[in-house]
Amino acid sequence: MNPRQRKLILAHSLPAIAAEHRQLFLLISNFQAGVRIGWEHPQLAALYERVIGLSIAHFAHEESLLSEIEHPGFATHESAHGKMIADLAPATYLDSLDPGGIELQHMFDAILVHHIREDVGHFFADAETDA
Ligand SMILES: [Fe+2]
Ligand SMILES: [Fe+2]
């Protein structure tokens, strides 16, 4: 793939990737607000499952894009996504984690940092590279 094709694909795809990031940030923020105001477990579990569902769909979207543009960091990025999904498995949360506890907070922080640092580094930096 030549640099111009790559740049055009990124320009087309980035708004949707960025919108998914904003939606994930909002869901995580809503979950944390729900914990603070004392939501019951079923409400929190439903919201948590939305975080997982959107994360799985979003990671697949990013991986598809990285593969399409033949990005050299594809395998590393895919591996990072797989680790986050494994950490977020619903059974782990539902059975053993405190919704307001530090373990879940660390998982959410890892996701937010990934989107800010690694995704912006891969996608947005590439899009700004001159073809
Ligand atoms: Fe992302
Ligand atoms: Fe990512």
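The conversation below goes from the overall make-up to a single residue.

Tutor: This is a predicted model, where local features need pLDDT of at least 70, side-chain atom pairs count only at pLDDT 80 or more, and totals for chains, interfaces and linings use all residues. Residues are numbered from 1 along each chain as its sequence is written, while chains are lettered from A and ligands numbered from 1 in the order in which they are written.

Student: Which elements does the protein run through from the N terminus on?

Tutor: The order is α-α-α-α-α, with five helices and zero strands. Helices (H or I, at least four residues) and strands (E, at least two) are DSSP runs, numbered from the N terminus.

Student: Where is Glu70 found?

Tutor: Look in the loop between α2 (41–68) and α3 (74–87). Glu70 has a positive phi of about 55°, although it is not a glycine.

Student: Why does Glu70 count as exposed?

Tutor: A residue is buried if 20 or more other C-beta atoms (placed from the backbone) lie within 10 Å of its own, exposed if 12 or fewer, and partly exposed in between. Glu70 has 9 C-beta neighbours inside 10 Å, so it counts as exposed.

Student: What percentage of the 131 residues count as buried?

Tutor: In this protein, 16% do.
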